[in-house]
Amino acid sequence: MIDILGLGWLNDQCYGQGRNRSQVDYANRVSLERLGFEDNLFRETIKNFGRFEALTQKLFIATTLALRDAGLTNSEQLHEIGLLAINKTGCIASNQRFFQDYLDGGRKLSRANLFIYTLPSSPIAEAAIYFGFRGPLLYIDAMDESMNSEIQTVENLLQTAQAKFVLINLIDEFYQAALIVRIGKAATEHFNMSFLPENIAECAKKIKEASERT
Amino acid sequence: MSKAVIVDSDIVTPFGLGIEKCWTNLCEGHSAIKPVDRFDVSSFGCSVAATIEGLTYHKDFSLVWQMLTQLSPKAIPNDAALLLATTTGEVDILEQAILEDNKQCSESQLSELLKKVYDLYGLQGKASVVSSACTSSTAAIGLAAASIESENEDAVLIVTCDAVTEFVFTGFSSLMALDPEGARPFDAERQGLSLGEAAGYMLLMSEDRARREHRSILGYVLGWGLSNDANHMTGPARDGDGLARAIRLAFNNAEIDSDSIGFICAHGTGTRYNDAMEMQAFKQVFSQPHCTFSVKGALGHTLGVAGLLETALTLQFLKMKTIPPSSRINKIDDDAKGWIVTNKKSHDCQVALTTNSGFGGVNAALVISR
């Protein structure tokens, strides 16, 4: 059984947190980079944030919201966090961008700064570098939708002391959710999901149910 | 708690099909690194890689599918959970789609390959893709062992594959990570890695089930450790702290100390920073030099496959009581003197360490015993 300590989420209209029950409309803001700066989401400037793909930018925002929601802020706690990215499409868009750019350039040289995003684990690797997460870093895509395999993986990491906490990043076309979890006795018992957007609540519910099954 | 045992494994490498063939070539000091003829490499500053003979490129089947279908597992139970470990999978399908402008890139998704592998082996259990750069299959072995020890599964099949494609070759070339002369891990004059390709599988079971089904036990996964440097997207942390953390986690899981380790099958890519980082990590963990080697001067860097390939070979080294030379070394780097094996060596021991690291600062370590 795992315990959800904090939840950060983001869709095209709003961002928010789980325990803190906050929700901020950002639909009319200029960019995610400006949003991060103006809403004081990051502790310091993130190098190259403007050049990150939108998916990675959103992942950073969901992650920082989840960390604050969980109250994990000091560097020693951050070092003990492992990362799991769950995403059905992997990095196919990055792969297309990299190879098309290489062809457009005359099939002579490719760009290293595009190549490094051709792994499905690259977005969480960027997050690990910025936030200082030193636990395991994995991309998982299970064939079924139950989340059982993903939660079993999380529990394997926690029970074998690979990490004290795991940050689960759910990456979808329409939203991103980041959940901080640790081994616990009662998954989400103090978590009221009714105020969350429907698809985010559905994710948290699936994790809770999978945790109860494993 | 049920122990995780390895009951079956096989690999296809540039030396051909089978672990024994690969082991023989490694022990004889051969290298499979040779000029690439699969695509035009004239603008890359490096023209060599370790590729498998006879594979067709941009034809009916992807490179990794052609490799996977050469393997013939003996008796995979259909209730085994499947972990597919890869970095880029069938990325040659994406290349072909873009080159032919037919936009069918989605067929190159890792989830598509997962479904194909699931059907190939006639499986009915859970199935997942696991990807963690060049530690993908190492991580998969650790996760499989943990699932068995926690009694969530009692059989897990790990399948792994990665190929030398133009996509990957040009990417590593852009990072200036390729040695034009071929990889020379732990050599003083090393300039980078050589790409390699391979595929393999490994079946892990609970010891109880393996004995019940009268399976041969090839070895044990005693411990595993995963960590991240949190330092750089493509380069390792120079102090080796991240890898040292992964090794210590593996030792803790295995309930052993460093004195129990007979030899180290290192990641040893041949890049200046990786090999130096590994030696830093080993010196943090071990109080005295241990026999260490890399197979990547012979087989190239097989990316996500490296961990499973090196674990399968480590089992063979333990069984045959012989460890291979680190091939292509002329002069051992000062950092690695006293550690690196340059000639085939008889070495009778029970327990070995394998290590891998990769992009994003990932590190992985396995403690394997026979």
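First, some housekeeping. Residues are numbered from 1 along each chain as its sequence is written, chains are lettered from A and ligands numbered from 1 in the order in which they are written. Since the model is predicted, local features need pLDDT of at least 70 and side-chain atom pairs count only at pLDDT 80 or more, while totals for chains, interfaces and linings use all residues; side-chain values use heavy atoms, with hydrogens and water left out.

## Where chain A meets chain B

Let's start with the contact (heavy atoms within 4.5 Å). Chain A brings 51 residues to it and chain B brings 58 residues. Together the two chains bury about 4500 Å², and 63% of that lies on carbon and sulfur atoms. Buried area here is the accessible area (1.4 Å probe) that two parts lose on being put together, summed over both. Phe99(A), Phe115(A) and Met143(A) supply 15% of the area that chain A buries against chain B, more than any other three residues.

There are 18 residue pairs in polar contact between chain A and chain B, both at pLDDT 80 or more. A polar contact is a pair of N or O atoms within 3.5 Å; within protein, one must be able to donate a hydrogen and the other to accept it, and residues adjacent in sequence count only if both atoms are side-chain atoms. Among the elements that give two or more residues to chain A's side are helix 4 (92–104) and strand 5 (137–142) of chain A. Helices (H or I, at least four residues) and strands (E, at least two) are DSSP runs, numbered from the N terminus. Helix 4 of chain A gives the largest share of that side, eight residues.

The chains also share some strand pairing (at least two DSSP bridges between two strands). Strand 5 of chain A and strand 6 (residues 127–131) of chain B pair in the antiparallel sense over four bridges. In that strand of chain B, Val130(B) is the bridge partner of Ile140(A).

## Inside chain A

How many of the 10 residues of helix 6 of chain A are buried? Nine of them are, where buried means under 20% relative accessible area, exposed over 50%, and partly exposed in between (1.4 Å probe, protein chains only). The buried ones include Ile124(A), Tyr130(A) and Phe131(A). Their packing partners include helix 2 (54–70) of chain A and also strand 9 (219–228) of chain B. After helix 6 of chain A comes Gly132(A), with a positive phi near 85°.

Strand 7 (residues 175–183) of chain A is mostly covered too, with seven of its nine residues buried. Strand 7 of chain A runs antiparallel to strand 1 of chain A, joined by nine bridges, and antiparallel to strand 6 of chain A, joined by six bridges. Leu179(A) in strand 7 is the bridge partner of Leu7(A), and Ile168(A) stands opposite Leu179(A) as well. A hairpin of three residues joins strand 6 of chain A to strand 7 of chain A.

Asn11(A) sits in strand 1 (residues 2–11) of chain A. Why does Asn11(A) count as buried? Because its relative accessibility is 16%, which is under 20%. The side chain of Asn11(A) reaches the backbone nitrogen of Cys14(A) at 2.8 Å.

## Salt bridges

A salt bridge is a side-chain nitrogen of Lys or Arg within 4 Å of a carboxyl oxygen of Asp or Glu. The structure holds 29 of them over all chains, and two cross the interface of chain A and chain B. Here are a few.

| Pair | N to O distance |
|---|---|
| Arg107(A) and Glu166(B) | 2.9 Å |
| Arg209(B) and Asp79(B) | 2.9 Å |
| Lys126(B) and Glu153(B) | 3.2 Å |
| Asp179(B) and Arg184(B) | 2.8 Å |

Asp179(B) and Arg184(B) are both buried. Salt bridges that share partners join Asp79(B), Asp154(B), Arg209(B), Glu213(B) and Arg215(B) into one network.
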